[in-house]
Amino acid sequence: MSLNYIKNFYEGCLRPPTVIGQFHTLFFGSVRMFFLGVLGFAVYGNEALHFSCDPDRRELNLYCYNQFRPITPQVFWALQLVTVLVPGAVFHLYAACKNIDQEEILQRPIYTVFYIISVLLRIILEVIAFWLQSHLFGFQVHPLYMCDASALEKTFNITKCMVPEHFEKTIFLSAMYTFTVITLLLCVAEIFEILCRRLGYLTNQ
């Protein structure tokens, strides 16, 4: 029986009850994860090694880099992807345990409401992630970062630091913002599709 639950959960995650939901899964799973996993590592993989300040001392470089990046972009975006997946995963786990068919989700009002709530939670989490990303990383990466290193050593005071590949990082940031906006639009469109199909079921009855 447990294997059947796993099979239903797996199929539910891969084949949501809506067409837009299935496209969202394809977009989310293929494009966004590939972009982050492959290109994200290429752009940000060695950032800490090439981040240098004046004077070029290891402890100063590390101190200023931690100030420049309170959290690394790869970790933030990985946490974002996992967090956004949670509402849908919880719903499909519930559906698998109850042996709910995917078509049945849009036919029974209580299941439809639960599914819409999971989509709304995805929207809320994406909006929060967008806001956090804008506050942590901004919308543009500048070539110079002014680091306040006075806490490390008073002689340093304000230190200039060079940010490697700043233009590439700006492009990557813009792409991640774009992915978030596209995901939000897909979620909103999915809710409209659910409501339209639900209205169609009621009309046919």
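Modeller: Helices (H or I, at least four residues) and strands (E, at least two) are DSSP runs, numbered from the N terminus. This is a predicted model, in which local features need pLDDT of at least 70 and side-chain atom pairs count only at pLDDT 80 or more, while totals for chains, interfaces and linings use all residues. Residues are numbered from 1 along each chain as its sequence is written, and side-chain values use heavy atoms, with hydrogens and water left out.

Biologist: How many helices and strands does the chain have, and what pattern does the chain follow along the sequence?

Modeller: The chain contains eight helices and three strands, and reading along the sequence gives the pattern α-α-α-β-α-α-α-α-β-β-α.

Biologist: Which residues does the UniProt annotation "transmembrane region" cover?

Modeller: UniProt positions are given here in the numbering of this model, with feature names shortened, and annotations may be inferred rather than shown by experiment. In this case the unreviewed UniProt entry places the annotation on residues 25–44, 75–97, 109–132 and 171–192. Of these, residues 75–97 are 100% helix and 0% strand, with their end C-alpha atoms 32 Å apart, and residues 109–132 are likewise 100% helix and 0% strand, with 35 Å between their end C-alpha atoms.

Biologist: Is Leu121 buried, exposed or partly exposed?

Modeller: Buried means under 20% relative accessible area, exposed means over 50%, and partly exposed lies in between (1.4 Å probe, protein chains only). Leu121, found in helix H7, counts as partly exposed because its relative accessibility is 41%. Across the chain, buried residues make up 39% of the 205 residues.
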